[in-house]
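Have the viewer open while you read.

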Amino acid sequence: MITSTNIAINILYVLVACNAIFMVVVYAMKLKEVKTRRAFDQFQIKFKDYLTYIQAHLHSEERLRLPNIPMSQVERGFLQDWLNDMIESFTDTKQRQKLTLLCEDLGLIEYHMQRLGSGSYRAKVDAAYHLGCMRVGEAVPLLLKMLRQHKHDSSLFVIARAVAKCARDEHDVKQMVRSLLKHEKGFHDLLVDIIQESDIDQFALFTEFVQEEHPTLIMIGLTGLKEYSSPGVASAAYRLIDHEREEIQVRAVELYLNSSPFFPKNVVHKLLHHANGEIRLLTIQALSTLRNESFVNALKDSLQDEDKRVVHASAIALINLGQTGISALCTGALAYRGQEKGEWLQGIIEEEIKHLSTEPHDLDKLTRYNALLYAYEKTLGKKNRIYRVV
Amino acid sequence: MAVFIRDRHGELTRQLLQMTHVIRDRHQPCGVILAPSANINQQTLDQLESFVSQSETELAAKYLFDDHNMVFAMILEERKFAATHYTSLIVKDFLENHGLLQGQLVVASFPECGEPTESTVSQLIELAAKARGEEKEIRLFIEQPAHQGISSILIVDTDEVVREFVRLHLELEGYTVYEAKDGAEALAIYSEAVPDLVITELNLPIVDGYQLINKITKASANKGKVIVLTGKQLADHLNRSFELGAIDFVTKPFSISELQWRIKKLGEWR
Amino acid sequence: MKFIEYYLQTDSWLHFLRELLLGYGYFAMYYVVVITLIYYLIFALSIRQTFPLKRGIQYNRIKKLSGSKHLPAVSLLVPAYNEELTIIENVRSLLALNYPKYEVIVINDGSTDNTFQVMVDEFKLEKINPIVADHIQTEKVRGIYYNPEYPTLYFIDKENGGKADSLNAGINLSHYPLISTIDADSLLEKDALTRIARVYLENPEDTVAVGGNVRIVNSCTVEDGIVKNVRFPKKLLPALQNVEYIKAFLGGRIGWSAINGLIIVSGAFGVFQKDKVIAVKGYRGGYPGEDMNIVIKLHRYCLENKIPYRVAFCPDAVCWTQAPDTYRILSSQRKRWGRGNLKNMIEEGIHMVFRPKYKVFGLLTLPYNILFETLNPYVRITGLLAILGYWLLNMTDWQTLVVFALVNFFSCFILSLGALFIEEAAFSRYPRLSDLNKMLLYSFLMFLGYRQLGVLWRFLGHIDYLRNNNTWGTMVRTRFNK
């Protein structure tokens, strides 16, 4: 017992020392934090006029000038953060360039370039972020190099975003995307968000990706193209409808339905018989917004769909189509009379009648209400009479 | 060159007019800085001149002090608005350090901020004299064309950077601008000041942007009083804003000149 | 005294007792050494993660990201049982999150108070008949309510079935592929979802669950659903819980998540992949501890089916919660936790522990949890008895006891310091220096009674389990401070 007590006493010394060290570190950090916060408050007062000067003259032809009062290193950091916020808040490239020029005059670009080239890892990531905010094109090669060797964690995307912001042309962005492809983790949505921060011709880039082999590139392309609607997009998306990957199929259909100016009957037929319920639902929803009577039969057939969501969407689409659609819906529902599905469909119709009856001032809705009520009573009506509103 | 003006009513106006006209006749811009101050003697005026010329080596300027109005004035040759504003930072620094500044500085540059007519100049001086006792800030002067339809605007955003920036630029355009940092504050200001236009973010605490649009649209006879300026990018947000009665939808990051243009068009259309 | 001692020493069974106690002493020592080493390992991992985490937080512009079109849509599930006092404020606050696409599904779990009427009146809800999936069997749903004026709000009214059952009902109605569970009495920070989504987006294929950080809101000022002034709790019990939470979340969970051994995603705020939750048949009803249960099942499911996965922790996504401030409520909460923990270990843990097939989870997380969390009370209590024995049998003196007590104290205290280090290095949510003083003070005070009570509560929870007591205990809601 003596020996173990001695060991314990020794351990105790070590522990007390460690505790003390830790405590000192924690306090030091807290004090630094408090000091920084105070310094920041002072910075805001001291440089208020200067910051207003920058804000007011972003449009003017003249180059923005350096602060008229000397700055400490900490204050320079605050100014950097403030400038980053400004650059990120506004889109005018001219204004951005002016702010970047100011950053250059402040020596910020040189400072961070140097850190990116030769600093510790921590300094490098910090520099990457700031160079990204300042859109420093010259940083791209170094950033790309860093990206290629980087492991898959949060900082990887910080660097990738920096590349996108700094990108001088499409080539830079493509290289960035390709070096991320080796971490195959399905982060295409994040990548699209990153790419959209770049000042390049994004449409061309996304169109190019859609034609690639790599599924992730295709996903990026399809997601990115969602914002553009042109016949070219529709045909590119159409080609991918039968892609072997299901997620690509869904996104391709979604894009196709969003961008195509018209839907050929055979395509609609194909999509409505697709094995994936999601795709059938998307198609019905697209037809619903189209309000084209020529699809009445297709919609009526979809009432037989096994996916309840599709049936529901078809019913609503038919109601929205007006007279023809409504009578198709009612006869469709009639076919299921007595079954659970028939009851359910009838429920949808009744609910819609109730809903429409509350809005007699809207002419379009009133017409639909009357048509629906008429068709309903003619086919399914058996309950108490509901009166027409004229 | 430092000039000392003593005790003569209207002398400062006369001097300013004369000097600005001389410079204008040379087709050069001319900056003006005015500040309510304590008594400045010739020696301090000279000190100020040498202080300013340390960092503004190529500046040709005249320094005046009017002890009738107790206003310090400075006229800068070949200085546009931005440059004049910058010089005013130096001047303010000096005046504050010497305990001389007693209110707001007024900064303008001709012809950028208007024509140097007699009325503009006396307006400027009056502004500076009135600015005594106000917070020690720098006020930018721009002669305003009369706005059509819209003269007061409320900007609602939680982000101070955005609020300040928009406010500054709209004020430079001559609008009266109110600020609110959340929906509840916005409603309070709205019911009190009844601005002609509201620019709002959708992301607001408790009373969010949608509710704000809804309430404002319901409260006002005249439709389309709200412009949405938001970080929300989805089409859903756009549709819902329009459904509730917003007149325009601008997403962040945004361009201030585009926003100004839209406001102007909106005013003309009204 | 001397006489009795002499008398006892002569007896032979006393010799046996001495041997036993000595043996136990060795066992206890190894136990403590192992537990401390595991603690240190996890803490070391947590601290190592601090700076990468901080970079992730610092260099992502969350405000900008929160408007992005590419964030995944999330269904928030908010089970509510007798929450009439706070429900409106909380739902309003949830409807105003900075997140592009989400829906709020409030589930009234057969409340006996006015929760239902308050909700329906406030939001002018009307009954609708939407399509509800039947992924998971639940208690009868009485109705689903909606108002197009609040297009992202759904309200489910159902028969009482417990929190897990409510969550399952919410899952059935939810429209989006990610679900998030939120306690009705806690307050989500506006950007918390965006922060979690960022972590998710960086690896959407593998991330089956992301947990948020839970902080204690007592004594903070809350205005319009936003925590305005972060203050250290003034009352004793919340203050102790505060340091306890910081230690558990920052010191523990960050480290566990680094090796993918996280056993719990707090029920107060977490995000899950819906299809995986459905694949493990949803939340297990009828027993507390469903938040740990679901995570264990997810681990098991993914490991058995060889699906690459991770359970992540996002310490910057903050959910503020009211800590119990009376002894009665706190003890009932802790007993419930003890009960739930035991149930989970018996039901799930036992099948996976020490099996290499279950990797880190089976070889480290579960052994740690069973040996050092679940069985902790027994070791503690026997340890106490043993010390009493040593003392009675004169096997030790008070100096030795003091030395060992101090070793124990300092080796534990350094963990609290480590947690505060992470807090200061990466988050620093408590602005004032005095807050740090208080945190240190209460970290110390934890050792004087609170930790011992914790052990006792857990033990009583186990007794409850054996007596098949299945109540929820008491929880009184109070409004947030204005």
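1. H7(A) and H8(A) are roughly antiparallel to each other (the label for angles over 145 degrees). The axes of H7(A) (residues 140-149) and H8(A) (residues 154-166) cross at roughly 155 degrees and come within 10 Å; axes are lines fitted to C-alpha atoms over the stretch in contact, with angles from 0 to 180 degrees between N-to-C directions. The contact is made by A:Val140, A:Leu143, A:Leu144, A:Met146 and A:Leu147 of H7(A), facing A:Ile159, A:Ala160, A:Ala162, A:Val163 and A:Cys166 of H8(A) (contact: C-beta atoms, placed from the backbone, within 7 Å).

2. Bookkeeping: this is a predicted model, with local features needing pLDDT of at least 70, side-chain atom pairs counting only at pLDDT 80 or more, and totals for chains, interfaces and linings using all residues. Residues are numbered from 1 along each chain as its sequence is written, while chains are lettered from A and ligands numbered from 1 in the order written. Helices are DSSP runs (H or I, at least four residues), numbered from the N terminus.

3. On to H1(B), residues 11-25: B:Leu12, B:Leu16, B:Thr20 and B:Ile23 are its buried residues (20 or more other C-beta atoms within 10 Å of their own, C-beta atoms being placed from the backbone; exposed means 12 or fewer). They sit on the same side of H1(B), because they cover an arc of only 60 degrees around the axis, taken from the directions from the axis to the C-beta atoms. On the face turned away from that buried side are the exposed B:Gln18 and B:Asp25. Just after H1(B), B:His27 has a positive phi of about 60 degrees.

4. Between chains, 37 residues of chain C meet 39 residues of chain A. On the chain C side, H14(C) gives the most, with 15 residues.

Definitions and conventions: Helix = DSSP H or I, 4+ residues; strand = E, 2+ residues; numbered from the N terminus. Parallel < 35°, antiparallel > 145°, perpendicular 65-115°, else oblique. Contact = placed C-beta atoms within 7 Å.
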